[in-house]
Amino acid sequence: MALSNNVTAFLNFLAFMCSIPIIASGTWLASKPDNECIHWLRWPVVFIGIAIMLVSLTGFIGAYWRKEGLLGVYLVCMALLISLLLVLLVLAFVVTGPTGAYMVPGRAYHEYRLEGFSYWLRDHITGPDNWGNIRACLADSGICPKLNNEYVTAQQFFAADLSPIQSGCCKPPTICGYQYMNPTLWINPTNAIVDADCSIWNNDPSQLCYNCDSCKAGLLGNLRKEWKKSDLILIITLVILICVYLIGCCAYKTTVTKANSKGHK
């Protein structure tokens, strides 16, 4: 009995420590410009991390001091937490699923097609009901104007490792044949009708390609890139929590059995 409780206490301490990188990862995700513009994606990882920290602390106290009531509350909360983490992992796999990236000859960066991403993402993030606010947020974020301070010549710009958002929102698609003047100023397209985004491009800093499908695809590409870095942490945490939960069930059973035996005596 003591061994089961001590192992549970140790594993909950381990889960408590795991919550720290989860909270740090969630804070990093929330600080990114694309996540700032999609409010419902900003904080779920942070909230999960805080919940793991609190529930693990409850389990540690309940197991170490053999508090039957605390262990019961802990097991219920842990079951809910594992379910939430599974939902978050499904969301993360949807976000990091198909990619619309493709190589462009003579360019170091990728460009992105909206059709290459999952329908669910396109509908919930880049659909007409949401894109107006996201577009305004991206225009105010200063992502594109910063490029003018980093790159001067066309050679420098074409050799740059642009982020998906920068590639999709701050310049017209390469296929349009625009002539480079600076990162956010392009003129004289040679194939203006080959893609709908070619006619949407505007040199006005508040417009650029923020209404383009390439910008929507770039936003989804950024989300995919950032959430992929969090997937491994979430998977490791889920495995640890399931192990902790199973051993916690054993600890709860032995605690209840011990309490009942004392009652009979």
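Which helix holds serine 56? Serine 56 is found in helix α3, residues 44–64. Helices here are DSSP runs of H or I with at least four residues, strands are E runs of at least two, and both are numbered from the N terminus. This is a predicted model: local features need pLDDT of at least 70, side-chain atom pairs count only at pLDDT 80 or more, and totals for chains, interfaces and linings use all residues. Residues are numbered from 1 along each chain as its sequence is written, and side-chain values use heavy atoms, with hydrogens and water left out.

Serine 56 counts as buried because its relative accessibility is 0%. Buried means under 20% relative accessible area, exposed over 50%, and partly exposed in between, with a 1.4 Å probe and protein chains only. A polar atom of the serine 56 side chain lies 2.7 Å from the backbone oxygen of isoleucine 52. Beyond neighbours within four places in sequence, serine 56 is in contact with Asn12, Ala15 and Phe16. Contact means heavy atoms within 4.5 Å.

Threonine 237 lies in helix α11. Threonine 237 counts as buried because its relative accessibility is 3%. Leaving out residues up to four places away in sequence, threonine 237 touches Ile22, Ile52 and Leu85.

Now the core. The largest nonpolar core has 67 residues, and Leu138 and Phe157 have the most contacts inside it. Such a core is a set of buried Ala, Val, Leu, Ile, Met, Phe, Trp, Tyr and Cys residues joined through side-chain atoms within 4.5 Å. Helix α4 gives the most to this core, with 12 residues.

Next, the aromatic rings. The structure holds eight aromatic pairs. Rings of Phe, Tyr and Trp (its six-membered ring) pair if their centres lie within 6.5 Å; planes under 30 degrees apart count as stacked, over 60 as edge-to-face and the rest as tilted. Tyrosine 151 and phenylalanine 157 form an edge-to-face pair, 6.0 Å centre to centre with 80° between the planes. Both residues are buried. Phenylalanine 157 and tryptophan 186 have ring centres 5.8 Å apart and planes at 65°, so this pair is edge-to-face. The pair links distant parts of the chain: phenylalanine 157 is in helix α8 and tryptophan 186 in strand β4 (residues 185–187), 29 residues apart. Tryptophan 186 counts as buried because its relative accessibility is 5%. Tyr109, Tyr151, Phe157, Phe158, Tyr180 and Trp186 form one aromatic cluster.

Conventions:
Polar contact = N/O pair within 3.5 Å; in protein donor to acceptor, adjacent residues only side chain to side chain.
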